[in-house]
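I opened this entry to look up two spots in the chain. Notes follow in the order I checked them.

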Amino acid sequence: MVHAVIPFRPTNPKTRLSCILSQEEREKFALAMLSDVICTTNSACCRTVLLCTEDISVEGAETVVKPLGLNEALNEYLSETDDSVFIIMSDLPLATAESVIGMVKTGSDIAVVPGRGGGTNAIFVKNPDKFHVDFYGASFSDHLNICRDEGLTVEVIDSFRLSTDIDEKEDLVEIFLHSEGESRGFLENLGVKMSVEKGRVGVHRHTHKEAS
Ligand SMILES: Nc1nc2c(ncn2[C@@H]2O[C@H](COP(=O)(O)OP(=O)(O)OP(=O)(O)O)[C@@H](O)[C@H]2O)c(=O)[nH]1
Ligand SMILES: C[C@H](OP(=O)(O)O)C(=O)O
């Protein structure tokens with residue numbers, strides 16, 4: 001069975017959302033997005049593993065604790081398994097089971113989903129022997145280079161849902177437009193709303209004091 005591995009750092013996450021959410025709210029929002037992703041990977045019949053910096057318990061996933069950075073934790077995990085691994089970030093609440101199944105069915109050794117701005121949102125690794133991750137910076141091209149250097153075939157997946165990660169305030173619009181999950185409910189309960197001003201779609205919140 002494919003392991004869906006979700007790396008997760010629960011403390012002070014999503015700092016790029018500090019302009020609209022306090023630290024406590026960002027921690028709860030990160031958990032809500034994680035819950036949406038777990039629901040998706042379980043619906044795609046993966047064995048879902050939370051690769052977490054701390055020992056937390058989350059419904060629908062088994063927790064593997066590694067108090068390590070993103071790359072170090074994932075590369076240690078890859079070196080410890082012979083099974084196929086589907087790495088998916090926890091900030092992809094638009095992901096659907098269909099989009100995940102489309103990836104894990106690839107005929108290539110690796111399937112990769114770029115994020116906007118040079119990042120990588122998900123990677124399917126058929127055989128973890130020869131692959132390692134290199135996140136941060138222009139990680140999408142770094143991952144293609146690793147495949148080339150190791151002689152691995154790669155499919156680049158064109159998926160709006162998997163390419164849409166939630167990093168910045170402007171990204172929250174996508175949740176209101178395209179998701180019905182927990183993360184959307186969480187934002188609605190906080191009073192975050194979609195708005196259209198001067199023809200541009202955005203989000204606003206009246207109650208929040210800017211986090212210091
Ligand atoms: N295991 C592990 N996962 C991490 C670590 N840092 C981030 N992650 C996870 O990696 C994924 C992508 O993280 P980012 O988009 O950089 O999220 P972030 O660090 O919470 O956000 P910013 O503070 O806005 O950069 C998310 O699933 C995070 O929970 C880490 O040190 N270890
Ligand atoms: C981890 C990083 O995520 P971003 O900060 O680009 O969302 C990446 O994809 O390399």
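Which residues of α4 are buried? I keep in mind that this is a predicted model. I found S139, F140, H143, I146 and C147 buried in α4. Looking down the axis of α4, I see these buried residues within an arc of 120°, so they line one face of the helix. An α-helix has 3.6 residues a turn, so residues three or four places apart point the same way.

Next I checked the other side of α4. There I found R148 and D149 exposed.

What covers the buried residues of α4? I noted three strands among the covering elements: β5 (110-114), β6 (120-125) and β7 (154-156).

Then the helix dimensions. α4 runs over residues 139-150, twelve in number. I get 16 Å from its first C-alpha to its last, close to the 16 Å expected at 1.5 Å a residue. Just after α4, I noted G151 with a positive phi of about 70°.

I placed E62 in strand β3, residues 62-65. Is E62 buried, partly exposed or exposed? Its relative accessible area is 33%, so I logged E62 as partly exposed.

Which residues does E62 touch, leaving aside those up to four places away in sequence? I listed R47, T48, V49 and L50. With R47, I also found a polar contact between the side chains, at 2.9 Å.

Last, a distance. E62 and L187 lie 125 residues apart along the chain, and I get 26 Å between their C-alpha atoms.

Definitions and conventions:
Residues are numbered from 1 along each chain as its sequence is written. Chains are lettered from A and ligands numbered from 1 in the order in which they are written. This is a predicted model: local features need pLDDT of at least 70, side-chain atom pairs count only at pLDDT 80 or more; totals for chains, interfaces and linings use all residues. Side-chain values use heavy atoms; hydrogens and water are left out. Helices (H or I, at least four residues) and strands (E, at least two) are DSSP runs, numbered from the N terminus. The expected span of a helix is 1.5 Å times one less than its number of residues. Buried means under 20% relative accessible area, exposed over 50%, partly exposed in between (1.4 Å probe, protein chains only). The arc is that of the directions from the helix axis to the C-beta atoms. Contact means heavy atoms within 4.5 Å. A polar contact is a pair of N or O atoms within 3.5 Å; within protein, one must be able to donate a hydrogen and the other to accept it, and residues adjacent in sequence count only if both atoms are side-chain atoms.
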